[in-house]
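Dear colleague,

Please find below the structure that I am handing over to you.

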Amino acid sequence: MNTNLQGEPGSNPVQRLRGIATVNLWADDLEAAKRWYTEVLGLPPYFERPGYAEFRVGDYQQELGLIDRRYAPEGFASSPGGAVVYWHVTDIEATFEWLQSLGARPLQGPQHRGAGFVTATVIDPFGNVLGVMYNPHYVDVLR
């Protein structure tokens with residue numbers, strides 16, 4: 001495994017963000033979080049170890065990790081906030097309503113951002129912000 005962060009010849013290795021490796025979410029009740037995300041994603045974790053479960057998600061098989069909150073670094077917020085990762089969905093309104101039917105709380109309902117972009121956010125039952133988005137550029141890349 002090459003971990004020296006070198007890109008292609010002649011590239012500057014410290015400027016390369018090559019893609020999301022893993023998105024981690026925290027949960028006080030890891031077993032409940034695994035069940036909830038298994039239902040949301042329609043598949044079980046593909047990798048587990050004590051205090052951690054990982055899913056492969058979507059068209060690019062991004063990693064979504066669930067971590068027992070007791071392993072959170074000291075000072076990590078225990079309430080929703082910070083960065084929002086948006087997952088592409090086909091029907092933003094239906095997905096927003098469906099997530100709420102599974103126990104998520106609405107944070108921000110569907111927002112039309114122009115040029116076909118629509119976002120919404122919920123707070124999962126474990127206190128994490130979960131973003132969903134319809135993104136026309138995402139669709140174009142898949143074609």
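The notes below cover the nonpolar core, a surface patch and the salt bridges.

This is a predicted model, in which local features need pLDDT of at least 70 and side-chain atom pairs count only at pLDDT 80 or more, while totals for chains, interfaces and linings use all residues. Residues are numbered from 1 along each chain as its sequence is written, and side-chain values use heavy atoms, with hydrogens and water left out.

In soluble globular proteins, nonpolar side chains tend to be buried together. A nonpolar core is here a set of buried Ala, Val, Leu, Ile, Met, Phe, Trp, Tyr and Cys residues joined through side-chain atoms within 4.5 Å. Buried means under 20% relative accessible area, exposed over 50%, and partly exposed in between (1.4 Å probe, protein chains only). The largest such core has 26 residues, and Trp36, Tyr37 and Leu130 are among those with the most contacts inside it. Elements that give two or more residues to this core include β1 (22-27), α1 (30-41) and β8 (129-134); helices (H or I, at least four residues) and strands (E, at least two) are DSSP runs, numbered from the N terminus. Helix α1 gives the most, with six residues. Leaving aside residues up to four places away in sequence, Leu130 touches Trp36, Tyr37, Val85, Trp87, Leu99, Ala120, Thr121 and Val122 (contact means heavy atoms within 4.5 Å).

The structure holds six salt bridges, each defined as a side-chain nitrogen of Lys or Arg within 4 Å of a carboxyl oxygen of Asp or Glu. One of them joins Glu31 and Lys34 (2.9 Å, N to O). These two residues are separated by about one helical turn, because they are three residues apart in helix α1. Glu31 is partly exposed, at 43% relative accessible area, whereas Lys34 is buried, at 12%. Glu31, Lys34 and Glu48 are linked in a network of salt bridges. Another salt bridge pairs Glu63 with Arg56 (3.0 Å, N to O); Glu63 is buried at 15% relative accessibility, and Arg56 is partly exposed at 31%.

Asp140 forms a salt bridge with Arg143, their closest N and O atoms being 3.4 Å apart. Arg143 counts as exposed, at 75% relative accessibility. Val141, which lies in helix α3 (residues 136-142), is also exposed, at 58%.

A colleague
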